[in-house]
Amino acid sequence: MPKVRTKDIVEKFDMELLSGEEGINRPITTTDISRPGLEIAGYFEYYPAERLQLLGKTELTFFEKLNPRERAERMEKLCTDITPGIIVTRDMEVPAELIEASERESVPVMRSKQKTTRLSSHLTNYLESKLAPTTAVHGVLVDLYGIGVLITGKSGVGKSETALELVKRGHRLVADDCVEIRQEDVGTLVGNSPDLIEHLLEIRGVGIINVMTLFGAGAVRSHKRISLNIDLEIWDQKKSYDRLGLDEETMRVLDTEITKLTIPVRPGRNLAVIIEVAAMNFRLKRMGVNAAEQFTNRLADVIEDGDHD
């Protein structure tokens, strides 16, 4: 099923649909926008017909200088069976030749009041968001001090209970159980909750609770960029855990790697506080303050001084 259709663009950007209504359900498959200036000049060898076509003042002013036969021919070639739509910007008059050609090929022709460059930017941002590669991860996503923290771990390890404690401490829930993740750009992962379970937390023994109803609108948010993964696992006596914080683990989601911390779980450990501190420490590291490195450097200095003595 296509993620974006031409009718979504019409509704989202409040455009006026002038012709080619039969093609309103055509899929938009690329985030690229085309301004077919060369095509209107007659060069169709590399015409990207699968893109949305944007006609601004430059294109239409040149078009007016063509003779009637050229005008009809160029618009005929612009309207193909895969073109999702042609948008005329600045509320300008739409050429009659375009209306005729679009009706024959069922290519939607729309008109917008926005300036060409601004509309192109808005359309690209919208399409990149909608057409970004997506995946789903079993876990909990919370916003801690502005850091999007994805909490993962096996079922029953305490992810939802930890999220509830974090919400009680003033942080915000984005998603519980299933986190939908889209890669909006290189190195940028944005997570949100599926509509069906938005604002809901499942606590074993209590059931499903609505975080927004219980704690207010300030306790939830619809989406958040993911920067840190905290993986909860049952404490294993035989396993050696990082005690200094020098080892850098990563988690790969789609084509992006994010920092990963593994936190062992056992009775008596306050996971909410540990995760809060991990998020604050992650922020400090991004600002250039690394406590583990500073300690290691001090230790090396002490050892070096001892050797000199």
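These legends describe close-up views of a predicted model. Local features rest on pLDDT of at least 70 and side-chain atom pairs on pLDDT 80 or more, whereas totals for chains, interfaces and linings use all residues. Residues are numbered from 1 along each chain as its sequence is written, and side-chain values use heavy atoms, with hydrogens and water left out.

**View 1. Two domains of the chain.** The domain assignment, which is automatic or from a database, gives domain 1 (6-131) and domain 2 (134-296). The C-alpha centres of domain 1 and domain 2 are 44 Å apart. An unreviewed UniProt entry annotates residues 4-127 as "domain: HPr(Ser) kinase/phosphorylase N-terminal"; such annotations may be inferred rather than shown by experiment. Residues 4-127 are 42% helix and 13% strand, and their end C-alpha atoms lie 8 Å apart. Helices (H or I, at least four residues) and strands (E, at least two) are DSSP runs, numbered from the N terminus.

**View 2. Strand E16 and its partners.** Strands count as paired if DSSP finds at least two bridges between them. Strand E16 (residues 256-265) runs parallel to strand E14 (residues 223-234), and seven bridges join them. Across this pairing, Asn229 stands opposite Lys260 in E16. With strand E15 (residues 249-253), E16 pairs in the antiparallel sense over five bridges. Here Arg252 stands opposite Glu257 in E16. Two residues lie between the strands in the hairpin of E15 and E16, where Leu254 takes a positive phi near 55°.

**View 3. Gly268 in a loop.** Gly268 is placed in the loop between E16 and helix H9 (271-286). Gly268 counts as exposed because its relative accessibility is 85%; with a 1.4 Å probe and protein chains only, exposed means over 50%, buried under 20%, and partly exposed in between.

View 4. A pocket is an open set of points on a 1 Å grid over the protein atoms alone, where a 1.4 Å probe fits, with protein on both sides within 12 Å along at least five of seven lines; lining residues have an atom within 4 Å of a point. Helix H6 (116-131), strand E6 (134-138) and strand E10 (178-185) each supply at least two lining residues. Among the lining residues are Lys130, Thr135, Arg182 and Asp195.
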